[in-house]
Amino acid sequence: DRLVRLAAMWLARHIVAAHPSAVVYLVTHDTALRSICEAEKQKAEFGITNFYCVPLRTYIGTVAGADSQLLEMAAYSVEEGMKEGPKTGDKYSEHFDLAKLSQG
């Protein structure tokens, strides 16, 4: 997450420096990443107002319009968090177990 966030912010700084009216979006469903991006954006050291970290539906609504057919194609429900771990549990079941993968 940190690498993606820092890379997006670095890119945003350089794009906005070259084109002040440009807008940079980081599209993610990870709510923790979005809140961290917003907190970083508020810091004076970041200083870029044309950087947004948004979910896919928000991005499509902003770029294509609220009544776009693309919005209908995007998944409506978003699961809480995107990380697998002790709090969220395994989101995806294993396709094959390790023994079967080892056999080839």
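**Close-up 1. Asn50 reaches across to the backbone of Ala22.** In this predicted model, the side chain of Asn50 comes to 2.8 Å from the backbone oxygen of Ala22. That side chain also reaches the backbone oxygen of Pro20, here at 2.9 Å. As for where Asn50 sits, look in the loop between helix H2 (31–42) and strand E2 (51–54). Asn50 counts as buried, because its relative accessibility is 17% and the cut-off for buried is under 20%. Setting aside neighbours within four places in sequence, the residues in contact with Asn50 are Val16, Pro20, Ser21, Ala22, Val23 and Val24.

**Close-up 2. Tyr25, Tyr52 and Tyr59 are linked into a cluster by ring pairs.** The structure has two aromatic pairs. Take Tyr25 and Tyr59: their ring centres are 5.0 Å apart and their planes sit at 70°, so this pair is edge-to-face. Tyr25 belongs to strand E1 (residues 24–27) and Tyr59 to helix H3 (residues 56–63), so the pair ties together parts that are 34 residues apart in sequence. Tyr25 is partly exposed, with 29% relative accessible area, and Tyr59 is partly exposed too, with 28%.

**Close-up 3. Phe96, Leu98 and Leu101 make a nonpolar patch on the surface.** Together, these three residues have about 340 Å² of accessible area. Zoom in on Leu98 and you're in helix H5 (residues 98–103). So is Leu98 buried or exposed? Leu98 is exposed, because its relative accessible area is 66% and the cut-off for exposed is over 50%.

Terms used:
Residues numbered from 1 in each chain as written. Predicted model: local features only at pLDDT ≥ 70, side-chain atom pairs only at ≥ 80, totals over all residues. Heavy atoms only, no water. Patch = residues over 30% accessible without salt bridge, like charges linked within 9 Å, V, L, I, M, F, W, Y side chains within 5 Å. Areas by Shrake-Rupley, 256 points an atom, 1.4 Å probe, with all protein chains shown as cover. Salt bridge = Lys/Arg side-chain N within 4 Å of Asp/Glu carboxyl O. Helix = DSSP H or I, 4+ residues; strand = E, 2+ residues; numbered from the N terminus. Buried < 20%, exposed > 50% of the residue type's maximum accessible area, 1.4 Å probe, protein only. Polar contact = N/O pair within 3.5 Å; in protein donor to acceptor, adjacent residues only side chain to side chain. Contact = heavy atoms within 4.5 Å. Phe/Tyr/Trp six-rings, centres within 6.5 Å; stacked < 30°, edge-to-face > 60°.
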